[in-house]
Amino acid sequence: MTGTARTPLVELRDISIAFGGIKAVDHVSIDLYPGEVVGLLGHNGAGKSTLIKCLSGAYRKDSGQILINGEAVEINNPRDARSLNIETIYQTLALADNLDASSNLFLGRELIANGLVDDARMEAETRKIMGRLNPNFRKFNVPVSALSGGQRQSVAIARAVYFNARILIMDEPTAALGPHETQMVAELIQELKAQGLGIFLIEHDIHNVMKLCDRASVMKNGRLVGTVDVNEVTDDDILGMIILGKKPAKAA
Amino acid sequence: MSETGQGVQTAAPRRSLFETLEIDARLLGMLAAFAAVAIVFTIWTGGTFVGPRNVFNIAVQTVPVAIMACGMVFVIVARHIDLSVGSVLAMCSAVMAMSQAYWLPSLFGLEYGSPVILVCTMLIGFIVGTSIGALTGWLVGYQGIPSFIVTLGGLFVWRNLNWFTTNGQSVSLTDPNLLMFGGTEGVLGATASWIVGLVASAVAVLAILSSRRNKLRHGFVVKPVWAEGVMMALIVGVILFFVGWLSRYPIPEAKLKRMFEARGETMPEGYTAMHGLPISVLILILVAVVMTLVARKMRFGRYIFATGGNPDAAELSGINTRLLTVKIFALMGFLCALAGLIAQARLQSHGNDIGMLEELRVIAATVIGGTALAGGVGTIYGAVLGALIMQSLQSGMAMVGVDTPFQNIIVGLVLVLAVWVDILYRKRLGLTK
């Protein structure tokens, strides 16, 4: 994937962000091509989520450049990111617990009819997409606080997928899931990839990384250790990068 | 898929009557509490409590608190609080009173009773209220000062700016048009009240039908036809009963005579007229309907509830939560001005202590109405019912001769009791741990 003449879908160049003197992300550059899954790895606090939040609009970078399809863009808030077809599935899921599935799915982008929120149509659309993602999902008329972890996750995923994302950010999408649901997420990632989406996947499970990702970028203490092609390295190499912060010799 | 959803719903176990009617259990509880209060005082007072005259008075007295409680629902749902509403009401009332009595007539040389005074006074009041609210919202939303602090400060500031506005004097309402918001001075009369009642009934029936049609169009399960019928009958029944009851409250003969004399006519022998719906109650109903519509069917309301449920999620969904906060408090301020207009018209003067401690009644009414201080949950109808229950309690106790301190003690206890019962109920249902 790397080294081709194609324009990357996303290019994060030299991104830095600090919180009160602590450099959470320190001059990190990564990129993402269409139809590619790039894994972001590192210890807790390595800066993965912070870096990705600069792209999703949750944080504002202190310095650096974000390029989408080769064009520099400014992302100052989540609305900007959404308008660039960047969708995010947060680790916390970012669901309003007191609202039902369809209200959450369309939150900030409600379907409107005659100036009023069209709940019936939004529910119908939600039923459609849930029928595809999680056919067992039935609880359409209860607050999402009444849903299981997996069901909540599928609402969050449906929200990211429904609006024709081109760039998808997934922050530990399988952390709260059982084996069956994890498999479903894996299949979904493959499907979206085949559709030409670019996906940033923050993941702790090294086996999932080896299975799902094309490339892996490893961060430590806010710095980028390196980016490797997953099928050119072993899982031990990647673990070495995470733990020791050193790039394996052959990939360097 | 809609088919799957349908399959499950039809396979669900047989549901109770209230579930089929889709009446909220909490609403049912409040209605039961209200009925209990009404029955006890009706027996105690030998029927006077539910007489047209007292129903009229309770309705009119409830209006200012209920209007502000509607706004307080949004404030509390969004995880804020507004302790300044009583003072803001007073501030708006002061500005309106001064406008109609001194500023407008002297500045523009307007004649006594000119409709321009009415319109300008209302406009000035609404602008002041909305601006105060927006300022509060800006301090909370954009500057990050907790709403408790901002509005606690506001409670002192506006109460005393109100004092300076009128120099501490009471201002009597000289403009006759403004008095129509007060209650007895502004009623529709029997015929117009019946028309309003019938129109309201028709709107309610149409709203239910259109919601049903919309659900059917998307293939969702709807209530059985008889259940829809029962709901319609209940709603129409309540509306028409209320209107009919108030249309049985006659305007005193002496007052009718004065009204005829004011127009330079003499009252025909045996002439009678009924109060019917007070304009202030009509305004409250309008506010409650519009606010319910906003809460359930508009983005603004949806965003308020989302923010209350999870502020971070709302922010990450692209909702401008800061601007939302400004809008919520601005709306609260507007409703304070509206409540002020009605309160001073009812008292026929602006006094320094107008709206004193009203913030606590408003919050109490909102909370009794099922709005959770933790945010994210609350209904407009609940808040109005809460205000109505409190006012009925006070009115009933006053009628049977309970001393004022005792009245307040009871109201305080009812507040705590209502929340306690709600917590027990939610625990039993397993809604909270």
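This is a predicted model: local features need pLDDT of at least 70, side-chain atom pairs count only at pLDDT 80 or more; totals for chains, interfaces and linings use all residues.
View 1. Four strands of chain A line up in the order β2-β1-β4-β5, with antiparallel pairing, to form an open sheet. At the edges stand β2 (22-32) and β5 (71-73), each with a single partner strand, so one side of each has no neighbour in the sheet. From one strand to the next, the twist averages 30°. Look next for helix α1 (residues 48-56) of chain A, which packs on the sheet and touches β1 (10-19), β2 and β4 of chain A. The direction of α1 makes about 115° with that of β1(A).

**View 2. Strand β11 of chain A, covered on both faces.** Here you can follow β11 (residues 215-220) of chain A, where 6 of 6 residues are buried. In a regular strand, side chains alternate between the two faces of the sheet. On one side of β11(A) lie A:R215, A:S217 and A:M219, and on the other A:A216, A:V218 and A:K220, all of them buried. Strand β3 (residues 37-41) of chain A pairs with β11(A) in the parallel sense over 4 bridges, with A:G39 opposite A:A216. Strand β12 (residues 223-229) of chain A runs antiparallel to β11(A), and 6 bridges join the two. In the hairpin of β11(A) and β12(A), 2 residues lie between the strands, and A:N221 takes a positive phi near 50°.

**View 3. Where chain A meets chain B.** In this view, 27 residues of chain A contact 29 residues of chain B. On the chain A side, the elements giving two or more residues are α2 (78-83), β8 (116-117) and α4 (119-133). Helix α4(A) supplies the largest share, with 7 residues. Sorted by class, the chain A side has 14 nonpolar, 4 polar and 9 charged residues.

**View 4. The two domains of chain B.** Chain B is divided into domain 1 (17-184 + 278-429) and domain 2 (187-277). Their centres, taken over C-alpha atoms, are separated by 23 Å. Across the boundary, 12 residues of domain 1 are in contact with 14 residues of domain 2. On the domain 1 side, α2 (17-21), α4 (52-77) and α11 (279-297) of chain B each give two or more residues, and α4(B) has the largest share, 4 residues. This side of domain 1 divides into 8 nonpolar, 2 polar and 2 charged residues.

**View 5. Inside the largest nonpolar core.** Among the 174 residues of this core, B:A66, B:A69, B:C70, B:M72 and B:L335 touch the most other members. Helix α14 (residues 321-347) of chain B gives the most to the core, 17 residues. Both domain 1 and domain 2 of chain B contribute at least three residues each. Zoom in on B:C70 and, leaving aside residues up to four places away in sequence, you will find it touching B:V287, B:A288, B:M291, B:L335, B:I380, B:A383 and B:V384.

**View 6. A mostly covered helix in chain B.** Helix α15 (residues 358-368) of chain B has 10 of its 11 residues buried. Among them are B:E358, B:E359 and B:R361, along with B:V362 and B:I363. After α15(B) comes B:G370, with a positive phi near 95°.

Technical notes. Residues are numbered from 1 along each chain as its sequence is written. Chains are lettered from A and ligands numbered from 1 in the order in which they are written. A nonpolar core is a set of buried Ala, Val, Leu, Ile, Met, Phe, Trp, Tyr and Cys residues joined through C-beta atoms within 7 Å. A residue is buried if 20 or more other C-beta atoms lie within 10 Å of its own, exposed if 12 or fewer, and partly exposed in between; C-beta atoms are placed from the backbone. Domain bounds come from an automatic or database domain assignment. Two residues are in contact if their C-beta atoms, placed from the backbone, lie within 7 Å. Ala, Val, Leu, Ile, Met, Phe, Trp, Tyr, Cys and Pro count as nonpolar, Asp, Glu, Lys and Arg as charged, and the others, Gly among them, as polar. Two strands pair if DSSP finds at least two bridges between them. Axes are lines fitted to C-alpha atoms, for helices over the stretch in contact, and angles run from 0 to 180 degrees between N-to-C directions.
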